[in-house]
Amino acid sequence: MDKWLAPENAKVADFIICGAMKCGTTTLHGILNKHPKIFIPEKEVNFFDMDDLFQHPDFNHYHQRNWHYNDLSKQPEKYWQWYSQKFEDASADQLIGEDSTTYFASTEAAERIAKQNKAIKLIVMLRNPVERAYSHYWHLVRTGRATYTFEDTLQYNPYSILNRSMYLQQLENVYKFIPKEQVKLIVFENFIKNKEDEIKSVCQFLSVDHNSLPADAYDLHENTARTPKFPSLQILKNRFLPASGHMQYQDFFEIAACSEKSTLNISKVINGLHRKINPLIARKPPLMKSETKTFLEHYFTQQLSGINDVLEQNVMSLWFSPKSD
């Protein structure tokens, strides 16, 4: 039996929000979770790509000459139990969903999702790839992972912030395993302008009544921009304390947990002191340098050529100039 096929007693999501990171998925999650017929765990689950090193480097820990990592083949019953427990508070008449943004970029997740004994629906959110990458970078700054400026990161480690904007190849991978009728595509810019219409369309896709949403659901906006008071100081701290980025994930799955107690305690102290000196404040990041924006727009108009045909809408003129595609 395939280890990625859920056992009969396991609960498996009916739908998955798996759009590219920093594309409004948290807001969509929050709105849908207000529907009485929908249940979504509070945090991202990241089950079907737990062993994807490119998407989840923080899930793997090297400590005292040993690697701690997730391997479903070793203890499948424990991993599937962990996954099922994420939905244990859902009632019998609720659709259960999960929010795992990395599934869209993962080369493994779509195939594993397709193996389940139910037609799991995917909700994919896409955003201007340049703006998405820049927002992603500042997320990495805040969480202790970005150790250089945006320009230096593009030069020395472009994969870390550009990969999840490679929508065309990611859509093609999804459609290899998931029928198009099971995939709902949402463009972030349209979602922001016409949130109520987009949510109605999502509810129709999930076969739930949008009228059951409370009136204030459409006013929800998650992930308000927060930026370190002194960005350069944050980057410097990240460079000399790189372990801080994965602290929150050391026991994520609990099964392959890593116990770096002394190191992590020191890290927590240093991070606590740093945050007092350099708090996150409610403001947008500085504007991207114009020459960097021009460079990335050129790159993505080449990489995403043909995406209009796949999406069956002209997103290239929405994101770039009308001559881009």
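Here is a walk through a strand, a helix and one threonine in this structure. The model is predicted, so local features need pLDDT of at least 70 and side-chain atom pairs count only at pLDDT 80 or more, while totals for chains, interfaces and linings use all residues. Residues are numbered from 1 along each chain as its sequence is written, and side-chain values use heavy atoms, leaving out hydrogens and water.

Let's start with strand β6, residues 121-126. Helices (H or I, at least four residues) and strands (E, at least two) are DSSP runs, numbered from the N terminus. Five of the six residues in β6 are buried, meaning under 20% relative accessible area with a 1.4 Å probe, protein chains only. Strands pair if DSSP finds at least two bridges between them. Strand β1 (residues 15-17) runs parallel to β6, joined by three bridges, and Phe15 has Lys121 as its bridge partner. β6 also runs parallel to β7 (residues 183-187), with five bridges; there, Val124 partners Leu185.

Next comes helix α9, residues 195-206. Its buried residues are Lys195, Glu198, Ile199, Val202, Cys203, Phe205 and Leu206. They sit on the same side of α9 because they cover an arc of only 155° around the axis, taken from the directions from the helix axis to the C-beta atoms.

Finally, look at Thr292 in helix α12 (residues 290-303). Thr292 is buried, at 6% relative accessible area. Leaving aside residues up to four places away in sequence, Thr292 touches Phe150, Glu151 and Leu154, where contact means heavy atoms within 4.5 Å.

Definitions and conventions:
Buried < 20%, exposed > 50% of the residue type's maximum accessible area, 1.4 Å probe, protein only. Expected span 1.5 Å × (residues − 1).
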